[in-house]
Amino acid sequence: MEAQDLKIVGRSIPRVDVTSKLTGQALFGEDVKLPGPLLHGKILRSPHPHAIVKRIDTAAAEKLAGVKAVATAADLPDVRIGKNLKDEHYFASDKVRFVGDRVAAVAAVSREIAEEALRLIEVEYELLPALTNPIDAMRPDAPLVHPDLMNYQVVAAAQPEGGNVCSLNSLSRGDPEAGFAEAHQVFEQQYITEMQHQAYMEPHACLATYNPDNTYTVYTSTQGIFGMRNSVAEALGVPQNRVKVVGTEIGGGFGGKIVMKDEVAAATLSRKSGLPVRIVMTRAEDFMCGNPRAGFYITIKTGVSKDMRMVARTMEIVLDGGAHAMGAALMCWALPQFAEGPYSIPNLRVTSRCVYTNKANSSAFRAPGGPQTNFAVESETERIATAMGWDALAFRRKNLMPEDHPNLAGTPMRSVNVEETLDAALEISGYDPAQTGLGPNRARGLALGNWNVGGMPTGTVLKMNDDGSANLITGVVDLTGVNTSLTQVVAEALQLPVEKVTVKSLDTDSAPHAAQSAGSQTLKSMGTAAVQAAQEVKQQLFELAVEELDATPDNMELAEGEVRVQGSPERTVAVRKLLAKHMANSGPVVGKGGTGAFSRMPSFCAHIADVDVDSETGRVTLLRYCASQDVGVAINPVICIGQVQGGVAQGVGMALSEGLTYQDGQPQNTGFLDYKIPSALDLPMIETKLVEKPAVEGPFGAKGIGEPPCVPVPAAIANAIYNAVGVRVTSLPINPEKLRRAIKAKKEGQASS
Amino acid sequence: MQNFTYHAPASLAEALALKNEDDAGTRFLAGGTDLFLAMEFAGEPVKTVVDLKKIPELTGIEELPGGGYRLGALTLMGQIEAHQGLRAQYPALVDAATVVGGPPIRNRATLGGNICNASPAADASTPLLALGAELVAVSAEGERSLPLGDFWSGPRQNALKPGELLKEVRLPALPEGGACAFERLTRSAMDIAVVNAAAAVSLDDAGNFASAQAALGAVGPVVLTVDGLGDALRGQPCSPEILEQVRKLAEAAAQPIDDKRASAEYRRDMAGVLAMRAVERAQLLARQGKGDEK
Amino acid sequence: MKSSVKLTVNGLEQEHQAEPRTSLLTFLREQCGLTGSKRGCEEGECGGCSVLLDGELVTSCLIFAVEAQGAQLVTVEGLGTPHHLSPLQEAFATDGASQCGFCIPGMLLAATNLLERNPDPNEQDIRKAISGNLCRCTGYDLIVAAISMAAELKKGARG
């Protein structure tokens, strides 16, 4: 379909959920109400980063007035769980492996009594040395977080290497060593990033009931109800049909609400007590037990030719995986497929290792692995250009990936709009590579970014009502406005006004399987399925209209509640009439759609940050920020713009202030007082340009866009800082103290030389 | 949080009597922004909470007859922020009050609570110390006043005696030709100070320093005075060399420690930078003030 | 241990039994059944629980319910109804200011409070007014724009 034909796709209609959210009616995880009394659950979590659990005594807690149930590992099947590698007991039974590891749970009539009961549970620990750094964890004499690693069952993605390395992946093309040997110049540098927490505004919250028919209902704030259901069923040891997961409104996820949290504890406590149990994490618990972005140690080596080409590169990446192989292990597998960035390098090898440490379980956070590798790649682009005396923009253009460029996994990259995206950012910002300075200690910095968006198996059902309106039934969580975009997609496909389309996210008992809302693929996958379902509906209507219109289905079209013969607008039949006929003959008109996995396709972005550096304190102020984003087709432009700006804000946090820090395995910043996410006063307006060029796949040519905008931010800011004060900081976050130290070191170096 | 008994007396006498019944187990409640967290997270054993917000003697911002201001202990940060008289005379205090948390916190947090909480990083305390504020404490025995500099003995430790309550803060008038300024360094906009500094200076007719005092926050167990500043600056112009001396004195006064927010080394370094900036800006304001008179 | 706490929320009198340690936020959510005010951190850092207490913007997580005895409160549920949104809510809807929506109740109250005091705020005024309200989804741009638009709408309605 041509872009100009679109009537509803491309409009910024208000989000379908907006009124409930603006009036306080939307029910988030903690807001779910059930009739009758409910219990408050609390989790006893390990205070130690690494210890053997020798004994747990819950007797005193059970006797406390108001306590209705206590749960430990003894209440669950003795199985190891995990989506990549089965390496976790839901309740610690042998060891605890990070501060916050789940040991026991209590349900009581009030939060305060539950908290008091936790203090009455006696646990005897034998302390073990803790690993807080993956480099230390790779030493041959390092203590083992999982001594049985090599006996664990591998489910997907993870490829254990042994020691503390729970996953290893390496892909290559050409011969990087030969490339370095022939290169005109070779550069090498290490880049380090810290764990970054998603810091969604809503902490994890769930409510579970054990029902009289021996089933469980779990209400939870999750990005994916089916993944959650499967995890809960696995840990409880029951078939999946006996667990119903209802996704609540979700107060932000960004990848942090995929892994199961306290749902199984709530379900177990409900089974034992006979009452619904709600468990809400405190903010400190959420920081302690969340699934942050992994910290990376990246050694990047690049060979360049005299004519500005990157001829060879190796990237050795070590991921701080935390205590269990969660999303970081999956990322470890995926990294070599996209670490090349927006470029094409003939001799390339990317090796990634996910390493256990005694820290929170690293998992997915918006563009997992993207900002970390991009920080190395785009910092190097500028560092190399500066050293070689090249125009960094020309250097980039010379090495951009072409259409159909195969990634390291051999998948051709299609709809490569990188050049257009770069040009759009240059245009809105007025960037001039020869003039990046903006005055004393002020400058701008550029970085390109990309994220390869795949697709996940997803199905949907489209039900036609008697009056011609339509309901789309999905099991997808409306995380980023997807139900609004789906409304537009279905309305467009059926040529209905948006008021006649309702999209509802239902529970796991009611909806077909849907992928989690993550990885920027939600609309791409579900939208594709919805378009298919609409095609099926149309096909059913057209076949019924053959008799009325005396035409073949392939000559028909839908418009204004009628089926028409193309080119003969007078030959029509009302959709309502066809629906009634279908109902009488063979029941309701229902379309179904589904997709399998898509291959990964790139979405690009280009960012330009203008900064001011206080060279005496090291404090960086963002003066201006410009971002362009390759979107394919913007189904709902305002939603797209919101995604870009929000992604930039999270990237700014990663660049300048965010990082989970640990001292001897103890988390140091488990609240917003010390984990600094950007406030309204930390950000300038983010000037955003959507670059539209329909993609070869995705509904109406829409690309996935949620992840990319956080990718190039740290590099763009680091490059701006370099241009402002001549200091290249190679670790994140670039907080004032770190930058001040670097500026001082440079001055002292100059003074002594 | 442990449960407790709550009282909201309408008179000072009643509040003091309640405190005297069980001094150790009783806490006064002002804005509550620190106390609530202390009771929730630090598990402070509080049996009785005496809410002071209904006591009129503890409120109000008034100019004193001989110059200077009286600020009731329950004065909100937001009230200081919005007070034109204070803004004209004590911009250092107003600027500091304006960065204590976000607006909802400033509508609740009180000056007296902030002082009594005795955090070395309390933003409003630094300008008060530089400005030479006096405190008035009250007990069943009567009132006594003491210099702010004598009030803190360590983090979360103040000089109130059993049964005593902080009633008000008295700010002396700035000397003729005086001005003050506040500087703060944080990791991001909404943050606790990594270091803060305030300076109060006055200039003589030649434009040289006549007096100078400065204070530093978050670089020691309590908010600290920069000793020797007045003597070093008196009669001197505001030259780069003199500012360098301010930096050295501030660095010498600082007693920082390493913590999760910053290293001791960085804090000492920044104490020097911020003290210098505060003195320089106060001096500029004083100069502008003099200029206005002409 | 419990005592009666009586206050007015969104024009309706509410009287419930509460322990002294019960926060105003918990009182609103669990006793009054008004779950629009959000528990985001319980440390006064995120602003999700912001309400207007006798006309002042406060974080209800750091206030004991007993402290609000007799007070007038406005929560997000009192700003407008689904059929009759306030101008500010309208602006948030049309500008796409709400993403996940969890910070929105607090944002709306901070913005309501701002526009009551300053009908013509500039960008910096708006940023300061919402600086105690964290948002992780939007980068604040569309929120700032919506508040600015609401100010324009209100001016238009007056003029």
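## Exercises on cavities and a helix pair

The structure, a predicted model, holds 12 cavities of 30 Å³ or more, a cavity being a set of points, on a 1 Å grid over the protein atoms alone, where a 1.4 Å probe fits but cannot get out. Local features need pLDDT of at least 70 and side-chain atom pairs count only at pLDDT 80 or more, while totals for chains, interfaces and linings use all residues. Residues are numbered from 1 along each chain as its sequence is written, and chains are lettered from A in the order in which they are written.

**Exercise 1.** Describe the largest cavity and its lining.

Step 1. About 100 Å³ of space lies in this cavity, the volume being the space filled by probe spheres set on the points.

Step 2. Its lining residues (an atom within 4 Å of a point) include Glu30(A), Arg111(A), Glu30(C) and Arg39(C).

Step 3. Strands S1 (39-45) and S12 (277-280) of chain A each supply at least two lining residues.

Step 4. Sorted by class, the lining has 3 nonpolar, 3 polar and 6 charged residues.

**Exercise 2.** Determine how helices H6 (residues 225-236) and H7 (residues 263-273) of chain A cross.

Step 1. The two axes, lines fitted to C-alpha atoms over the stretch in contact, come within 10 Å and cross at roughly 50 degrees.

Step 2. H6(A) and H7(A) are therefore oblique to each other, the class left after under 35 (roughly parallel), over 145 (roughly antiparallel) and 65 to 115 degrees (roughly perpendicular).

Step 3. The contact (heavy atoms within 4.5 Å) includes Met228(A) and Val232(A) of H6(A) and Val264(A) and Ala267(A) of H7(A).

Definitions and conventions:
Heavy atoms only, no water. 1 Å grid on protein atoms, 1.4 Å probe; cavity = no way out; pocket = protein on both sides within 12 Å on 5 of 7 lines; lining within 4 Å. Helix = DSSP H or I, 4+ residues; strand = E, 2+ residues; numbered from the N terminus. Nonpolar A, V, L, I, M, F, W, Y, C, P; charged D, E, K, R; others polar. Axes fitted to C-alpha atoms, helices over the stretch in contact; angles between N-to-C directions.
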